[in-house]
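Please keep the sequence and the structure in view while reading.

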Amino acid sequence: QVQLVESGGGLVQPGGSLRLSCAASESIAGIYVMGWYRQGPGKQRELVAGITSGGTAAIQDWFKGRFTISRDNAANTISLQMNGLKPDDTGVYYCAGGYSGSYYEDAMEYWGKGTLVTVSS
């Protein structure tokens with residue numbers, strides 16, 4: 001069972017940046033897709049961005065231009081660079097991985113416990 005541990009969350013002012021990291025306990029090279037999901041206060045969890053083992057990235061339209069996802073199979077990590085943060089970006093950010101090629105939550109095999117991001121002045 002692969003364990004995923006997120007880090008890098010915290011309190012940031014609007015317009016600021018954070019870089020989230022997700023470290024896996026085992027090799028992620030064989031995990032076809034990995035992604036970042038976000039659950040805002042009182043909201044459902046949603047996909048932020050995903051990336052395949054080959055490095056093909058997909059970012060939800062409303063995050064494009066601000067968020068970038070990356071993956072390092074050798075280091076068993078994925079990252080989410082977040083710039084231009086807004087109060088609406090507040091939430092718990094989860095890392096997940098799966099083998100099916102789908103980013104639907106039910107298709108993800110592994111989940112981290114999340115890291116809290118708070119965007120506030």
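This is a predicted model: local features need pLDDT of at least 70, side-chain atom pairs count only at pLDDT 80 or more; totals for chains, interfaces and linings use all residues.

In which sense do strand 9 and strand 10 pair, and over how many bridges?

## Overall architecture

The protein contains 11 strands and 0 helices. Read from the N terminus, the order of elements is therefore β-β-β-β-β-β-β-β-β-β-β.

The C-alpha trace extends about 40 × 25 × 25 Å along the principal axes of the protein.

## Burial, contacts and surface

Of the 121 residues, 42% count as buried. Among contacts with a separation of 6 or more, 58% come from residues 24 or more positions apart.

## Strand 9 and its partners

Strand 9 covers residues 91–98 and is mostly covered, with 7 of its 8 residues buried. Strand 4, made of residues 33–39, pairs with strand 9 in the antiparallel sense over 7 bridges. Within this part of the structure, Gln39 has Val92 of strand 9 as its bridge partner.

Strand 9 also pairs with strand 11 (residues 115–119), in the antiparallel sense and over 3 bridges. Here Tyr93 has Thr115 of strand 11 as its bridge partner. As for the opening question, strand 9 and strand 10 (residues 110–111) pair in the antiparallel sense over 2 bridges. Gly97 stands opposite Tyr110 of strand 10.

In general, the side chains of a regular strand alternate between the two faces of the sheet.

## A residue with positive phi

Which residue has a positive phi although it is not a glycine? The residue is Asn76, with a phi of about 60 degrees. Asn76 belongs to the loop that joins strand 7 (67–72) and strand 8 (77–82).

Is Asn76 buried or exposed? Its relative accessible area is 19%, and because the limit for a buried residue is under 20%, Asn76 counts as buried.

Terms used:
Residues are numbered from 1 along each chain as its sequence is written. Side-chain values use heavy atoms; hydrogens and water are left out. Helices (H or I, at least four residues) and strands (E, at least two) are DSSP runs, numbered from the N terminus. Buried means under 20% relative accessible area, exposed over 50%, partly exposed in between (1.4 Å probe, protein chains only). Contact means heavy atoms within 4.5 Å. Two strands pair if DSSP finds at least two bridges between them.
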